[in-house]
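Please consult the sequence and structure below while reading.

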Amino acid sequence: MPDPLRNHLIELLDGKSAHLDFDAVVKTFPLKLAGKKLDGSPHTAWQLLEHMRIAQWDIVEFSRNPKHVSPKWPDGYWPPTDAPPDADAWRESVKSFHADLRAMKALVSDPAVDLFARIPHGDGQTVLREAMLVADHNSYHLGQLVLLRRLLGAWKP
């Protein structure tokens, strides 16, 4: 029997209901602009992409691995440079983002996972909460990436 809550969470994680999905924003991002910081903007596209990847990875690992150690806040959640070292770094970040998103969706889809049960090694978190946190965090920063693309003149809706 289909589980509407799990299905809604997958849809939310995919980001296709109320906002753009990840690939629509990053797939065609001009790499020559990935390290450009605009006046008044706190982050470059590279910093936002890496931050999204690192934060999502951390949430997924926390959700499924009791031995996981989160990066130090806040420095561990941001890349040390404004620009990717090369095009491969951008592609690897995107690839890792996809892998971790698939892992979260697999966790949410698994009927053996109680979405409402407290994560034993946490302090009150549930898989439901962590999945919504991933979706919310990704949505927020994807919006920043879209705005940055627009301001850089690199957005064609």
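## Packing of α4 against α5

In this predicted model, the contact between helices α4 and α5 brings F97, L101, M104, L107 and V108 of α4 together with V127, E130, A131, V134 and N138 of α5. Sorted by class, the residues of this contact comprise 8 nonpolar, 1 polar and 1 charged.

Two packed helices are described by the angle between their axes and the distance between the axes. For α4 and α5 (residues 127-151), the packing angle is about 145° and the axes lie 10 Å apart. The crossing of α4 past α5 is left-handed.

## Packing of α1 against α4

Helix α1 (residues 4-14) also packs on α4: the two axes come within 9 Å and cross at roughly 170°. Angles over 145 degrees count as roughly antiparallel, and α1 is therefore roughly antiparallel to α4.

On the α1 side, the contact is formed by R6, L9, I10, L13 and D14, which meet L101, M104, K105, L107, V108 and S109 in α4. By class, this contact contains 7 nonpolar, 1 polar and 3 charged residues.

Between the C-alpha atoms of F97 and V69 the distance is 19 Å, with 28 residues separating the pair in sequence.

S93 likewise has its place in helix α4, which spans residues 87-109. With a relative accessible area of 2%, S93 is buried. Not counting residues up to four places away in sequence, S93 touches W46, L49, E50 and R53. For E50 there is also a polar contact, of 2.6 Å, between its side chain and that of S93. W78 stands 15 residues from S93 in sequence, and the C-alpha atoms of these two residues are 12 Å apart.

## Loop residues on either side of α4

The loop between α3 (45-64) and α4 contains P74. The peptide bond joining W73 and P74 is cis, with an omega of about -5°.

Q125 is located in the loop between α4 and α5. Is Q125 buried or exposed? Its relative accessibility is 16%, so Q125 counts as buried. A polar atom of the Q125 side chain lies 2.6 Å from the backbone nitrogen of D123. Neighbours within four places in sequence aside, the contacts of Q125 are F62, A117, R118, I119 and E130.

## G143 in α5

G143 lies in helix α5. Its relative accessibility is 38%, and G143 therefore counts as partly exposed. The C-alpha atoms of G143 and V25 are separated by 8.9 Å, while the two residues are 118 residues apart along the chain.

Terms used
Residues are numbered from 1 along each chain as its sequence is written. This is a predicted model: local features need pLDDT of at least 70, side-chain atom pairs count only at pLDDT 80 or more; totals for chains, interfaces and linings use all residues. Side-chain values use heavy atoms; hydrogens and water are left out. Helices (H or I, at least four residues) and strands (E, at least two) are DSSP runs, numbered from the N terminus. Buried means under 20% relative accessible area, exposed over 50%, partly exposed in between (1.4 Å probe, protein chains only). Contact means heavy atoms within 4.5 Å. A polar contact is a pair of N or O atoms within 3.5 Å; within protein, one must be able to donate a hydrogen and the other to accept it, and residues adjacent in sequence count only if both atoms are side-chain atoms. Axes are lines fitted to C-alpha atoms, for helices over the stretch in contact, and angles run from 0 to 180 degrees between N-to-C directions. A crossing is left-handed if the near helix is turned anticlockwise from the far one by less than a right angle, and right-handed if clockwise. Ala, Val, Leu, Ile, Met, Phe, Trp, Tyr, Cys and Pro count as nonpolar, Asp, Glu, Lys and Arg as charged, and the others, Gly among them, as polar. Angles under 35 degrees count as roughly parallel, over 145 as roughly antiparallel, 65 to 115 as roughly perpendicular and the rest as oblique.
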